[in-house]
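User: I want to learn how to read salt bridges and strand pairing in a protein model. Can you take me through one?

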Amino acid sequence: MVISNCFDNLSNELLFEIFDYLSFNDLIKSFFGLKQQLNNIIQAYPSKIDLSHRIDNNTFQYGSFCCQSLKIFGNDQHKLQMIISYLNFANLQAVTFSSMNLTNLKFLIEQLPMKQLESIIITDINTYHDPESIQQQIWLMIMTSGRDCLRYLDVPHGISKFNVKQMQFDLSVLERLIFRSISNNQTLALMHYTPNLYYCKIYLHDRMTNPSVVDVRLLKLSHVYLTINVDWLFEDFCRFFTISPHLKHLTVVLNVQEKCLDESSAWKTLIELYLPDLIYFYLHFDVKEYPDHYIYPRCNLSSFNNDEYWLQRRPQFQVTQNVQEICL
């Protein structure tokens, strides 16, 4: 009498659920090679493959593996191309690019089925030896491919040069956007093409002076995280908040340069005029003092501590400050 292995009695759907708890490396080390039938199931499983972890090259001699999400890093173009050739991207939904230069990033974008991706994350990009034109080419490739499926986009500091005029269509399904270095003009231009955006995290380094802000309304935008590296005036915040009239969660980090907007009455007015749906608000002032150069940015939060409006709204509304003395 033949006693069947317990895996023989499990459906593919149940095995896939078990595999969901394992990394690709753990899956291969634990189950691959035990039985041909199981090998076939593993190769058909839509894996989450992280190439930042070492994978035995001998694994790929048995054929291709289905890939649902891919984390890819490094500048060894030959090695990356070899690994990619062993992967089946029919079900690919998400890609993270990390620790590479723009030339290799562009090469990989050209190799992958970008038009079906729902998530693109780019981190730790080296741009020192690449021409600026490559940034614009990469942007156009991402924007063009993301028009139908892209829901999540995270772009690093190293890729901030793009020409929005090249875009002739909306990124209609984009819901979450993280931009780690962008001008206000670029922000407004890009927001023209993201009508369904609901989460936005951006790092800004200039003032909101563009009059075209009045043409942008993101009615679904409910979560915003702002880091501002220049001293905005009351008018700058007014212009930005007109973009998102239904904002519910707002975090603002101000890297104070000289004099910041630190009057509690001004922030109360902004909220009452532009953010009637606001539920959660966190305002943080980051102050760096340089005694050697007699640089002491002005920031005084005493008005918040004595204002009944702010006292009644704690802990949902929080205002904090961090002062750091830097000696050069």
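Analyst: Start with the elements. Helices (H or I, at least four residues) and strands (E, at least two) are DSSP runs, numbered from the N terminus. This is a predicted model: local features need pLDDT of at least 70, side-chain atom pairs count only at pLDDT 80 or more, and totals for chains, interfaces and linings use all residues. Residues are numbered from 1 along each chain as its sequence is written, and side-chain values use heavy atoms, without hydrogens and water.

User: What is a salt bridge, and how many does the structure hold?

Analyst: Side chains of opposite charge can pair when their charged atoms come close. The cut-off: a side-chain nitrogen of Lys or Arg within 4 Å of a carboxyl oxygen of Asp or Glu. The structure holds eight. In one of them, arginine 239 pairs with aspartate 236, with the closest N and O atoms 3.7 Å apart.

User: Where do arginine 239 and aspartate 236 sit in helix α8?

Analyst: They are three residues apart in helix α8, so about one helical turn separates them.

User: Is aspartate 236 buried or exposed?

Analyst: Buried means under 20% relative accessible area, exposed over 50%, partly exposed in between (1.4 Å probe, protein chains only). Aspartate 236 is buried, at 0%. Arginine 239 is partly exposed, at 30%.

User: Which strands pair with β9?

Analyst: Two strands pair if DSSP finds at least two bridges between them. Strand β8 (residues 199–204) pairs with β9 (residues 223–228) in the parallel sense, over six bridges. Strand β10 (residues 249–256) also pairs with β9 in the parallel sense, over six bridges.
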